[in-house]
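Please read the following note with the model open beside it. The points are numbered and may be taken one at a time.

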Amino acid sequence: MKNRVNQWPNLIGALSAGLLVVAFCLILLWHNPLVFWNDDYELSILPVFADMARSWSQGDWPILSPYSWVCGNLAGEFQYGVFSVFVNAVVIVVWKFPFTFPQQAAAVSITHLFALAIGAFLLVRDRQFSIPLSIFVALVASLNGWIICWGASDWFGALGAFTWLPWAWWGAERALDLRRTKWRFLWPAPFVYLLVTGGFPYTVLMLLLLIAWLSIKSLVQTRNIFSILPLLLGVALGFGLSAPAWLALLDLVQGSARELQSAAAHWQWRVPPAALPGLILQSWTVNWTDFSSRGRPHAAAELACGLVVPSALVAALIWRPRLVVRHIKWELILLLVVLLLCMTPTAGLFRWSFRWLPFFHLALAVCAAEVLHTGLPSKLAAITALVLVALTGIAGLIFHTTGSYALQLSWILIGLTLGWLCFELLLRSSEFRWWAPVAITFCALLATYLCIPTNCGVPRYNFSQALLKPAPLDPQRLYLSVYPWAELTYATINEQQAVGQTLRPGSTSVWSGLRFINGYSPIRAAGVAREFATSIHGEINPEIGSNLLNHQASRNGELALMGVDGIVVAREVSITPQPGSEWELVVSTDEGNVFHRRTAPFSRVRSVISIDSRPNEQFVLATISRINDSRNFVSADIDVPAGDRPALLTFSRPYFRGYQAWLGDRKLPVTSYRGLFPVIEIPAGAHGQLALIYRPVWLIRGSAAAVVCVLVILLAFVLRGRTTN
C-alpha cells in the first residue's frame, strides 16, 4: 500500500519533471520550429482554437461555429475540448500572445506535456519511489514516441485527453487506499472529467480498462466488494461532470457520416509484432499498414521510450524472474493486455489500434520503475541495454530492417549505454548514479527525434499568417469551395509556396471569420456533410461538386436555398458555376477562381413563397428586420400578413437536432430542409421577435448532471471540513 510522503519534495520534483519536459521540447523547437505543426493541427485544430478564443472574447460559449457548416458543431466534434476548463483556459491564454501559427501549436502542446509529466510524476511518487525514478517515469510518459510523433504534433485530442490519464490513475489509487478518509472518493472525479472532456474516445477506453484493472486487482487483494465503491463513485462523479461532452458525442454521431462507415475490421496502423525491436532501436524498419491499407516500410519512432525502460525490464526478468513477476504481476498483466490491444485489428468508430501506445508506454515505464525500485542493480541494466542495442543492430543487418537512420542512431545509443556503464562503475557509491536513468532516457529520446523525423508520413501545409485576413474573399458571403484532395495537391511535398488564401482548405476559413460550407470534421454530423459527401478533411465529392455547380447554382437551386452566394473553384477543377448570368468572376489567383452572385449577399434569414420539400404548399412573404445572427442563436423581428397562408422562414446556418424557436412566448416547431438548414413556419398574422436558439436535449441533461455532481462534490468538501474541525 502507499504511504503519505512529504509534499514539498513532491511539489519541487513535479515542477522539475514538468520543466525538464519543457526544456526537451524547446530543444526540439530549436532544431525544427515546425515540429508541433502538422496536418490536422493545421487544417483543423488551430483554426478552431482561434475561433474558440474569439468566441470567449465575444462573451459566447463556443458550442457552434458560424464559419463552417461541415464543422459547425464544435461541441459534437468532441476533439476540440469545448467542455474542458483546462483546454479553454490554455487557448484563451495562448491567444493573448502574438504568436505565429507554429508557435501557438507548440505552446498548446507543451503546456499539456508539462501537465502530463507532473501527473506521471505524482502517480509513481505515491508509490514511495525516489524523485529521480519519478522524473524518469514522467519523461517516458510525456516524451514517448507516440505522444511526440502524433499526439503533440497532429492529433491534439489524443494529447488533450491522455494528459489526464496518469492523474486519473493517481486519483483512482488514492480512492482505493483504505488508509485514507471516507472522502477519498473525491480524488478521481476532477481528473476523469478533464480526461473525458479532453476530446479523444480512445483515451476514454483506456480509462475504462484502467478502472476495470484496478477494480479486479482490489477485489482479489481485499476480497471485499465494498473496497472499490469509493473508486466507482469518484469515476461516476467524473463522468457526471463531463456529461455534456460525451452526451454531445453520442447524440451527434447518430446519423452522421461517421456512423455510416463500414464496421469491418480496420488493419491500418496496428503495431506489427515484427516492429517490437523498435522499443530498443527506433530505426528498426518493417512494414506497417498505413492509411492507404498498404504495407509500407516504417521506422518505429512511435515505440521510442528512452532505452532504459525496456532494458531495465528485460534485465530484471533475467536477474530474478520469479521475484519480479511476483512483485509486479498486476502491472505485467496490464502491460500485456495493452500491448495485445495495440496489435489487434479494430472495428467501427475506433480505428488505428496503435493509438493504445501511450498507455503501453506509461504502463511499461511504471513496470521499469518498479524493478529499479526493488533493487535491480543499475550496472546490470546498463549491460543489458548495451547488449540489446548491439543485438538489435546485428539483427537489423541480418534481416535488412536497419532502415535509413540506423547508422547514426545506433552509434549514439551505443555511446550512451557505454557512458551509462562507466558511470555505474566509477560512481557506484555516489548519489548521482540514481539520476542515470533520467539522463540516459532524456538523451536517448532526444537523439531519436533528432535522427528520425517526428513527422511520420502525414502532410504538412505551408499556411501563412495572411490566412488571418479574409482577402480576397468577402466575410458577408457564404462560400462553397471545390478543390481536389488537399493532401495530394497542396501539401509541401507537392507545393512549396504558401497556399490556402483563396481555397481555404479544411477549416482554415475559420481563422479569418469567413463563412464556408467546407470544414474538417471526423464526425461529419451536419446534414450537408452527408448530402455533399464531404471527406474528413473538407473536400466535396467531385461528382457532387460538378452537379452542384452545373445544376444547383441557379437563383432557385439548392445552393441558393442554403444561402451560398460565393463559389471558389480550384485551378485543378475546370468547372464554372451555371448559369453564367447568375455568377461573375471577381477574383482569379494562382490557386483558383472566385465567383460571386451578381446580386447582393443573401440575408441570413429569408422568407420564401415555396420550397421543393413541400411541393403542394404556398406561403406569403413575411417582413423581416433587425436580424441578429449570433453564434448559438438567431433573433429577428417578424411580421406576417394577415390571411389564410403562413410564412416560411429559412436560416442560412447548418441544421442540428436541438434547435428551438420562440415567437414572443409562443413556441414554434423547427424543421429542416433535407437536414441541411433550419426551417420555421410562422402562422398568418403573427408578428413580434422570433428567436431560434440551439438548446439540445443533451446540453440540458448534461448540464444538469454536471451541476448535480458539482453540488455533491461541494457538499462533500463542506462535510469533510466540518468533520476535520
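**Note on the predicted model**

1. The largest cavity has a lining of 16 residues, and those nearest its centre are Ser65, Pro66, Arg631, Arg653 and Pro654. A cavity here is a set of points, on a 1 Å grid over the protein atoms alone, where a 1.4 Å probe fits but cannot get out, and lining residues have an atom within 4 Å of a point. The lining comprises seven nonpolar, four polar and five charged residues. In this grouping Ala, Val, Leu, Ile, Met, Phe, Trp, Tyr, Cys and Pro are nonpolar, Asp, Glu, Lys and Arg are charged, and the others, Gly among them, are polar.

2. The space in the largest cavity is about 110 Å³. The count of cavities of 30 Å³ or more comes to four. Volume means the space filled by probe spheres set on the grid points, which are joined across faces, edges and corners.

3. Residues are numbered from 1 along each chain as its sequence is written, and side-chain values use heavy atoms, with hydrogens and water left out.

4. How do the axes of helix 2 and helix 4 cross? The axes of helix 2 (residues 39-57) and helix 4 (residues 85-94) come within 9 Å and cross at roughly 85°. Helix 2 is therefore roughly perpendicular to helix 4, a term that covers angles of 65 to 115 degrees. Axes are lines fitted to C-alpha atoms, for helices over the stretch in contact, and angles run from 0 to 180 degrees between N-to-C directions. Helices (H or I, at least four residues) and strands (E, at least two) are DSSP runs, numbered from the N terminus.

5. On the side of helix 2, Phe49, Met52, Ala53 and Trp56 meet Val87, Asn88, Val91 and Ile92 of helix 4; contact means heavy atoms within 4.5 Å. The residues of this contact are seven nonpolar, one polar and no charged.

6. Two strands pair if DSSP finds at least two bridges between them. Four bridges link strand 10 to strand 13 (residues 647-651), and Val608 has Leu648 as its bridge partner in strand 13.

7. Another open sheet has five strands in the order 11-12-18-14-15, again with antiparallel pairing. Strand 11 and strand 15 (666-668) each have a single partner strand, so one side of each is left without a neighbour in the sheet. Strand 11 (residues 623-629) and strand 12 (residues 633-639) are joined by five bridges, and a hairpin connects them through three residues. Strand 12 also pairs with strand 18 (residues 687-694) over seven bridges, where Ala636 has Leu690 as its bridge partner.

8. Two peptide bonds deserve a check. The bond from Ala471 to Pro472 is cis, with omega near 10°, and Pro472 is in the loop between helix 20 (436-451) and strand 5 (478-482). The bond from Gln578 to Pro579 is also cis, with omega near 0°.

How values were computed
Predicted model: local features only at pLDDT ≥ 70, side-chain atom pairs only at ≥ 80, totals over all residues. Parallel < 35°, antiparallel > 145°, perpendicular 65-115°, else oblique. 1 Å grid on protein atoms, 1.4 Å probe; cavity = no way out; pocket = protein on both sides within 12 Å on 5 of 7 lines; lining within 4 Å.
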